[in-house]
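I set out to record, entry by entry, what I looked up in one model.

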Amino acid sequence: MTPFTPPTADQLLAIRVNAGIDELATHERFAHAEPDLVEAIVEGVGQFAAGEFAPLNRIGDLEGAKLENGVVRLPDGFDAAYKAYVEQGWNAIASPVEHGGQGLPFTLSCNVLENLGAANMAFTLLPMLSVGAIEALEHHGSNDQKAMYLPELVSGAWSGTMNLTEPAAGSDVGALRSTAEPIESGEHAGKYKITGQKIYITWGEHDLAENIIHLVLARLPDAPEGSRGISLFVVPKYHVNADGSLGPHNDLRCVSIEHKLGINASPTCVMSYGDNGDCIGELVGHENKGLAAMFTMMNNARINVGNQGAQIAERATQQALSYARDRVQSARAGSPDKTAVAIIEHPDVRRMILRMKALTEASRALLYYCAGQVDRGNLGDDAARARAEIVVPLIKAWGTDIGVEVAGIGIQIHGGMGFVEETGAAQHWRDSRIAPIYEGTNGIQAADLVTRKLGLGGGEAMVSLFETIAREAASEYALAALAMDCAHVARWMRDEASLDDRLAGSVPFCTMAAVCVAGWQLMKQAEAVAAGASPELAATKPVTVRFFLDRIVPEAAGLKAGAVAGSDLLYALPTAALLG
């Protein structure tokens with residue numbers, strides 16, 4: 001497997017141009033995000049990821065996580081790398097200062113995860129879930145819960161998980177059946193006994209962190225059916241004493257770990273709570289309001305899963321570039337010199353490489369644009385908060401689709417050597433394939449875009465985004481036309497289409513919208529480079545942006561027919577006839 005080289009220059013460009021880090025630093029809350037510190041963080045975490053996480057990527061895939069006597073163990077090297085991650089403070093970048101964090105913009109937290117995930121996607125799921133748990137407790141936990149759990153979660157000494165899915169409740173979280181019984185007396189009076197089983201719990205059990213803080217959705221007695229009757233509970237692996245020391249093991253266990261297509265070093269656990277009737281948890285927030293609290297964590301996770309698309313695309317692109325440079329085969333067609341050349345000299349390989357680079361850079365631009373809007377929303381900018389709400393499903397859905405596409409192209413460039421495990425190219429595709437399923441499938445993201453997000457700002461927030469892009473991209477005909485097409489589809493869905501029609505066209509529309517916003521942000525990068533920013537990218541950036549605007553944007557425009565086609569054809573066959 002090709003070693004990982006952090007794409008520091010392109011990351012810094014995206015952080016400055018798309019997230020607008022310099023403007024964020026003018027606000028008191030983010031005043032410490034000065035250029036020197038930003039560069040030090042991006043360069044530092046890139047070096048750390050390349051040196052500590054990347055060498056474990058292949059061994060993690062080959063050996064994987066193993067369940068032994070109720071404990072999940074990782075291959076040699078993972079423990080030392082995680083300890084180094086905690087000791088160097090990378091987990092605390094954007095966490096609240098009052099709980100030991102550095103209080104820097106979310107944008108920089110995204111960069112930490114981007115570098116770590118490109119180096120080792122499976123391993124990086126551990127800190128990614130912890131970041132989400134911190135945000136959920138920060139927004140919804142009591143003062144006592146924050147004081148007890150946040151300092152150790154912020155440092156990374158403890159890790160966090162998210163427990164939603166059950167065997168009979170997948171995407172329909174409202175169907176879950178885990179229960180929480182109030183404890184009226186004794187040592188744990190005021191707390192709850194948690195009973196139930198959860199599946200697909202990422203890093204639900206492991207031996208790298210000192211404690212694991214599970215955030216678990218469950219039902220109180222007599223709670224309403226459906227999502228209105230779900231509460232959120234914090235359930236630690238080890239009880240925490242009043243002085244912060246660890247007490248006995250809570251009544252919870254990992255029953256098994258899944259054998260998966262990829263991310264083999266990430267233990268995906270079946271977790272059982274209360275087998276002995278003594279699993280203790282605390283209510284987070286209000287009764288029957290757990291789903292809203294969990295969605296704070298899920299929204300964070302959706303951005304970070306979209307980040308995974310950029311991560312794996314970057315790693316697969318580096319792998320393909322290395323192979324295309326070294327693999328010599330055939331003379332270049334049309335050349336009078338019949339000497340065999342490296343395959344990167346052949347036109348179709350060039351096309352694939354440029355597509356990989358353009359898509360990777362576009363997903364990164366969209367990621368940091370989203371992160372910058374989140375940061376502005378956290379500063380009280382309501383318009384930015386609404387803009388971030390619209391962009392989240394775009395980066396999660398399209399970003400992860402891009403990860404799969406780019407990793408697949410990488411296999412194609414390797415030819416037969418890509419389909420075997422020897423080169424490591426196949427691992428990137430296998431690892432990438434979970435991301436479109438995580439945190440609400442990409443179909444659910446598209447549905448969110450054409451339902452809740454379409455109605456933001458009285459239905460004008462989304463349309464105004466596309467109208468802004470059309471104005472600013474007036475000199476880029478294809479991009480401006482795509483923006484106007486997106487505005488047209490948004491109005492049609494908002495004003496005329498039935499719910500079935502909107503959902504039938506949601507996925508093509510989501511792709512159109514994501515390519516439109518990503519193209520807009522790439523255009524801004526090209527303008528900045530032309531004005532003297534990032535001179536090290538002066539030769540490459542104009543070409544990759546041109547490729548995206550001239551070839552990928554027109555492809556997205558072709559999706560309009562599917563976006564407005566309606567649902568009638570989908571139901572033209574009765575179910576029995578469709579099944580054959």
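The notes below follow the order in which I consulted the model.

**Basis**

I worked from a predicted model, in which local features need pLDDT of at least 70 and side-chain atom pairs count only at pLDDT 80 or more, while totals for chains, interfaces and linings use all residues. Residues are numbered from 1 along each chain as its sequence is written, and side-chain values use heavy atoms, with hydrogens and water left out.

**Helix α19**

I began with α19, which covers residues 541-557. Helices here are DSSP runs of H or I with at least four residues, strands are runs of E with at least two, and both are numbered from the N terminus. I noted 17 residues in α19 and a reach of 23 Å from the first C-alpha to the last, close to the 24 Å expected at 1.5 Å a residue. The expected span is 1.5 Å times one less than the number of residues.

I then looked for a bend and found a kink of about 30° centred on Leu 549. The bend at a residue is the angle between axes fitted to the seven residues ending there and the seven starting there.

Which residues of α19 are buried? I listed Lys 541, Thr 544, Val 545, Phe 547, Phe 548, Leu 549, Ile 552, Val 553 and Ala 556. Buried means under 20% relative accessible area, exposed means over 50%, and partly exposed lies in between (1.4 Å probe, protein chains only). The cover over these buried residues includes α1 (8-17), α10 (347-378), α11 (382-414), α16 (477-495), α18 (506-530) and α20 (560-563).

Val 545 counts as buried because its relative accessibility is 4%. Apart from neighbours within four places in sequence, Val 545 is in contact (heavy atoms within 4.5 Å) with Leu 522, Met 523 and Ala 526. I also recorded that Val 545 and Gln 525 are 20 residues apart in sequence, with their C-alpha atoms 8.4 Å apart.

**Helix α14 against α18**

I next examined α14 (residues 442-450), which packs on α18 at an angle of about 80°, the axes being 8 Å apart. Helix α14 is therefore roughly perpendicular to α18. The axes are lines fitted to C-alpha atoms, for helices over the stretch in contact, and angles run from 0 to 180 degrees between N-to-C directions. Angles of 65 to 115 degrees count as roughly perpendicular, under 35 as roughly parallel, over 145 as roughly antiparallel and the rest as oblique.

Which residues of α14 and α18 meet? From α14 I noted Gly 443, Ala 446, Ala 447, Leu 449 and Val 450, and from α18 Ser 506, Val 507, Phe 509 and Cys 510. The buried residues of α14 are Asn 442, Gln 445, Ala 446, Asp 448, Leu 449 and Val 450. They pack against α9, α11, α15 (461-472), α16, α17 (499-504) and α18.

**Helix α6**

For α6 (residues 106-119), I compared the span of 20 Å that its 14 residues should have at 1.5 Å a residue with the 20 Å between its end C-alpha atoms, and the two agree. I found 14 of the 14 residues of α6 buried, so this helix is largely enclosed by the rest of the structure.

**Aromatic rings**

I found twelve aromatic pairs in the structure. Rings of Phe, Tyr and Trp (its six-membered ring) pair if their centres lie within 6.5 Å; planes under 30 degrees apart count as stacked, over 60 as edge-to-face and the rest as tilted. One of the pairs is Tyr 192 with Phe 233, edge-to-face at 5.2 Å centre to centre and 65° between the planes. Tyr 192 lies in strand β5 (residues 192-202) and Phe 233 in strand β7 (residues 231-236), so this pair ties together parts 41 residues apart in sequence. Both Tyr 192 and Phe 233 are buried.

I also traced a cluster in which ring pairs link Phe 48, Phe 53, Phe 78, Tyr 82, Tyr 85, Trp 90, Phe 123 and Trp 203.

**Single residues**

Thr 268 lies in strand β11 (residues 268-273) and is buried at a relative accessible area of 7%. I recorded a C-alpha distance of 5.3 Å between Thr 268 and Ile 201, which are 67 residues apart in sequence.

Is Asn 69 buried or exposed? I found Asn 69 exposed, with a relative accessible area of 84%. Asn 69 sits in the loop between β1 (66-68) and β2 (71-73), and its phi is near 55°, a positive value in a residue other than glycine.
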